[in-house]
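Reader: I'd like to go through this one feature by feature. Could you give me the general idea each time, then the case at hand?

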Amino acid sequence: MERRVRTRIAPSPTGDPHVGTAYIALFNLAFAYKNGGDFILRIEDTDQNRYTEGSEQMIFDALKWLGLDYAEGPDVGGPVGPYRQSERFHLYGEYAHKLVEKGEAYYCFCTQDRLEKLRERQKAMGKAPGYDGHCRSLSKEEIEEKLAAGEEYVIRLKMPYEGETIIKDRLRGDIVFENNKIDDQVLLKGDGFPTYHLANVVDDYLMNITHVIRAEEWIASTPKHIQLYKAFGWQEPEFIHMPLLRNSDRTKISKRKNPVSLNWYREEGYLKEGIVNFLGLMGYSFGENKEIFTLQEFKDNFDIDKVSLGGPVFDLVKLGWVNNQHMRMKNLRELTELAVPFFRNAGLIGEELTEKEFDTLSRIVDILREGSQTLKEIVEQSEVYFKDEYTLPVVTEETDKKEIKGIERLYTVIQDEAGKKSINLFQEKIAACDENISIDRAKELLKETLDEVGEGPGKVYMPLRAVLTGLPKGADLYNLVSIIGRDRTLARIERMKELYNI
């Protein structure tokens, strides 16, 4: 009878949740969804030396934020729990000893000193390091004597010395390993803790995992896992090894060259839709040259056989473009609500917003989302709408050469006759308006000023920009005037006229 499809991810709680975890989770979730199966989360926390307080909760929070919902897990329960390895500790010793009883594994009493000397000899002889099977042939009497004496031991898998182990990978075809080049893997350590290999296989079997979809870095470990399945007499799952995420120089993605924490992307103001969409492009072709899609569209379209094995590049420029597309698509009110905490953190708004203040904020967000890649970038570009006190920029040694001419021109245009005339004329026109100025009315006032001064746009609009923003370029003046209103517009002009003797 065909088994119900079950996939999983099994991250370790050793720090901030990794983008690679979300990447593999997305493909596991989509595969399970497409095949009418279950996607589950297991926490592999047996390595207590690397355990980080709070990391487990961050994994839960990150996956839920992204919408990568799991049907079973430590925080939601399920029929084959517990879903933390630390709560399944007793199982691993039992299964390791079962293998010893079957003759598929053995006690190894080698000391650390012997193992270190063995590695040194192997290194000196130019051999690959690996266990030499010293304890594999101990007699039953020798083993009982050592156990009775209380000698510390580990349990090792008895790998076959001859033949081959073949991984039948869904994406890569048959991957062949010679058994005599694989050493006898430790399954149970001296402290009673399982190694990753034993716990992984036991849990996948007991949790009925049918497809193991994981990163290609685990290919080298898979022959040991296959031999473990054989040793237990269990049906092995189908193995699907995904291409690794790469830096732009094609090396494996790492925090030294790229932010890898999902927390960082959330704090920078990337949308969950943008992150998921971008991860869905990693090694996968949606088809029809479609690059922008929702999570639901990805799941509906998903075909594991469309995954490409070329190492996908985790390109922040591409991510920014994808995220911008989703910011443009998102409902404005929802986008503004997502942006509010970023405006607060920047000190631009207070804790409470009136409906009118929220509407004004929405107008700013709507204007700036077109050219921004993140919510944080929207806020950074919005300061011109909030800060009424500013000065013209000053050229320093650090000033970009491309910006120097623009800055120097600001000082020139506010002092020449056309500039002064433009500023005074626009001030008069604004003073005659009501407090609320529409965008269309602001455009009319700017056009009237241009026509009446009789000079080119640069000689009219640049001095106006100087007194209204203090910058050589940036926000459209009609948007700015419409948003800040008559009184703040007049106050800005008057302040700059006094400051620079215009």
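Reader: Leaving aside neighbours within four places in sequence, which residues is Gln-427 in contact with?

Author: Contact means heavy atoms within 4.5 Å. By that rule, Gln-427 touches Leu-490, Ile-493, Glu-494 and Lys-497. Gln-427 belongs to helix α16 (residues 417-431), helices being DSSP runs of H or I with at least four residues, numbered from the N terminus. Its relative accessible area is 13%, so Gln-427 is buried (under 20%; exposed is over 50%, partly exposed in between, with a 1.4 Å probe and protein chains only).

Author: A word on the source: this is a predicted model, where local features need pLDDT of at least 70, side-chain atom pairs count only at pLDDT 80 or more, and totals for chains, interfaces and linings use all residues. Residues are numbered from 1 along each chain as its sequence is written, and side-chain values use heavy atoms, with hydrogens and water left out.

Reader: How many disulfides does the structure hold?

Author: A disulfide is a pair of cysteine sulfur atoms within 2.5 Å. Here there are zero. Take Cys-108: the closest cysteine sulfur, in Cys-110, is 3.8 Å from its own, too far for a bond. Cys-108 is buried, at 2% relative accessibility.

Reader: And how many aromatic pairs?

Author: Rings of Phe, Tyr and Trp (its six-membered ring) pair if their centres lie within 6.5 Å; planes under 30 degrees apart are stacked, over 60 edge-to-face, the rest tilted. This structure has 26 such pairs. In one of them, Phe-278 and Phe-314 have ring centres 4.9 Å apart and planes at 85°, so they are edge-to-face. Both Phe-278 and Phe-314 are buried.

How values were computed:
Helices (H or I, at least four residues) and strands (E, at least two) are DSSP runs, numbered from the N terminus.
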